[in-house]
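Please have the sequence and the model open while you read this note.

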Amino acid sequence: ERRATSSDAKAQFAVKAAEVLLDPLSDADAAREAARRAVDYKPAKADVRRRAILELAEAAILKGEAPEANARLAEAAAIPVQKADMGGEAVRVGSLSRAVEDYIRRGEAADAKALLDTWEWEYPLDRLAGYSTLLRARLATTRGENARAVTLLTSLVAVNPRSHYAAEALMDAAAVLLKLGDKPKALATYRRVPAEYPESPFVKDALKQIEG
């Protein structure tokens, strides 16, 4: 980035730096700095600007900053991009999610990540809906990135506690914490399910874990 001679090249390098800082490094503060630089380079191409804003949103999510995350996701979504959604958004998202599930089952991590990135690129607001985050966290566990999986799951609940997948995210986070050997934190996370989502179908399973 420092050696690049054009603002467009500088922006692209800054975006890539932010991407790596977010995944796999989970360094939200450094990623935010890099993404802000990318946005500030003028004139930045629309797709580069959209990517940088998405990375600002991701940094905000990881830090639990709900207003900033929502604002950035909406800002990114307002920048037009080409989408392969001839059947409509619901059909496209359904197709992407099923393909990601299949890739994860088959252990094809690179393909699963590529489709998750495509999904959240085309539909930024889905990041806070929750299901893509659940799948991204499950992918992280298959890659041995358990701490990152917990961060993804708990930050989702922090920024969107009303997500339909919030209780399931807590259940998954608690299970990963058990894998990490942090039983006290896992139990505390399980307890959040009946406390915060008493109507969830996951309450029964959470109580079994707490009482067992």
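1. Start at helix α8. Just after α8, G144 takes a positive phi of about 80°. Helices here are DSSP runs (H or I, at least four residues), strands are runs of E (at least two), and both are numbered from the N terminus.

2. A word on the source. This is a predicted model, so local features need pLDDT of at least 70 and side-chain atom pairs count only at pLDDT 80 or more, while totals for chains, interfaces and linings use all residues. Residues are numbered from 1 along each chain as its sequence is written, and side-chain values use heavy atoms, with hydrogens and water left out.

3. The expected span is 1.5 Å times one less than the number of residues.

4. Nine of its 12 residues are buried, so α8 is largely enclosed by the rest of the structure. Buried means under 20% relative accessible area, exposed means over 50%, and partly exposed is in between (1.4 Å probe, protein chains only). The buried residues of α8 are Y131, S132, T133, L134, L135, R136, A137, L139 and A140. Their cover includes α5 (89-105), α6 (109-122) and α7 (126-129). It also includes α9 (146-159) and α10 (166-179).

5. Step back to the whole protein. It has 12 helices and zero strands. From the N terminus on, the elements run α-α-α-α-α-α-α-α-α-α-α-α.

6. What about overall size? The C-alpha atoms fill a box of roughly 60 × 40 × 35 Å, taken along the principal axes. A compact globule of 212 residues would have a radius of gyration near 17 Å; the protein has 18 Å, which agrees. The radius is taken over C-alpha atoms, and the globule rule is 2.2 Å times the number of residues to the power 0.38.

7. Two totals are worth noting. Buried residues make up 46% of the 212 residues. Take the contacts (heavy atoms within 4.5 Å) between residues at least 6 apart in sequence: 54% of them join residues at least 24 apart.

8. Check the loop between α1 (7-22) and α2 (28-40), where P24 sits. A cis peptide bond joins D23 and P24, with omega of about 25°. S26 lies in this loop too. S26 has a positive phi of about 55°, although it is not a glycine. Why do these two features deserve a look? Most residues other than glycine have a negative phi, and most peptide bonds are trans.

9. Is S26 buried or partly exposed? At 30% relative accessibility, S26 counts as partly exposed. D27 also lies in the loop between α1 and α2. D27 is partly exposed, with a relative accessible area of 34%. The C-alpha atoms of D27 and N160 are separated by 21 Å, and these residues are 133 apart along the chain.

10. Move on to R32 in helix α2. R32 is buried, with a relative accessible area of 11%. Which residues does R32 contact, leaving aside its neighbours within four places in sequence? They are L56, A59, A60, K63, E65 and E68.

11. Helix α3 spans residues 46-62. Its 17 residues reach 24 Å from first C-alpha to last, close to the 24 Å expected at 1.5 Å a residue. In α3, 13 of the 17 residues are buried, so α3 is largely enclosed by the rest of the structure. G64 follows α3, and its phi is positive, near 75°.

12. Finish with a helix pair. Helix α11 (residues 183-196) and helix α12 (residues 203-211) pack at an angle of about 145°, with their axes 8 Å apart. Axes are lines fitted to C-alpha atoms, for helices over the stretch in contact, and angles run from 0 to 180 degrees between N-to-C directions. In α11, L187, Y190, R191, V193 and P194 meet V203, A206, L207, Q209 and I210 in α12. The residues of this contact divide into eight nonpolar, one polar and one charged. Ala, Val, Leu, Ile, Met, Phe, Trp, Tyr, Cys and Pro count as nonpolar, Asp, Glu, Lys and Arg as charged, and the others, Gly among them, as polar.
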